[in-house]
Amino acid sequence: MTCPICHQPTNTEFTPFCSRHCKNIDLLKWLNEDYRVPVNNPEDEEKTEIPLKIVSDT
Ligand SMILES: [Zn+2]
């Protein structure tokens, strides 16, 4: 079995990922895709930031 993020052998401690790092990446990706789900603090909605959002310069 390999890590879905970096495709290295998984670590049983972090299955199905190879490390905490990849686990966090996956979590952030998941949050990024699903962030339209209501958050705990609706008042903070406007300043919600998506960490993984990549802004490319044109
Ligand atoms: Zn990995």
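**View 1. Contacts of D26.** D26 touches P4, I5 and F17, residues up to four places away in sequence being left out; two residues are in contact if their C-beta atoms, placed from the backbone, lie within 7 Å. This is a predicted model, in which local features need pLDDT of at least 70, side-chain atom pairs count only at pLDDT 80 or more, and totals for chains, interfaces and linings use all residues. Residues are numbered from 1 along each chain as its sequence is written. D26 lies in helix 1; helices (H or I, at least four residues) and strands (E, at least two) are DSSP runs, numbered from the N terminus. Between the C-alpha atoms of D26 and I5, which are 21 residues apart along the chain, the separation is 7.1 Å. D26 counts as partly exposed because it has 15 C-beta neighbours inside 10 Å. The classes are buried (20 or more other C-beta atoms within 10 Å of the residue's own), exposed (12 or fewer) and partly exposed (in between), with C-beta atoms placed from the backbone.

**View 2. Surroundings of C6.** C6 is placed in the segment before helix 1. Apart from neighbours within four places in sequence, C6 contacts C18 and C22. The C-alpha atoms of C6 and C22 are separated by 7.4 Å, and the two residues are 16 apart along the chain. C6 counts as exposed because it has 12 C-beta neighbours inside 10 Å.

**View 3. Backbone at H7.** H7 also belongs to the segment before helix 1. Its phi is near 65°, a positive value in a residue other than glycine. Because H7 has 10 C-beta neighbours inside 10 Å, it counts as exposed.

**View 4. Peptide bond between T15 and P16.** The bond from T15 to P16 is cis, and its omega is near 0°. P16 lies in the segment before helix 1, which spans 20-34. Most peptide bonds are trans, and most residues other than glycine have a negative phi.

**View 5. The whole chain.** The chain contains one helix and zero strands. Of its 58 residues, 7% are buried. Among contacts between residues at least 6 apart in sequence, 3% join residues at least 24 apart.
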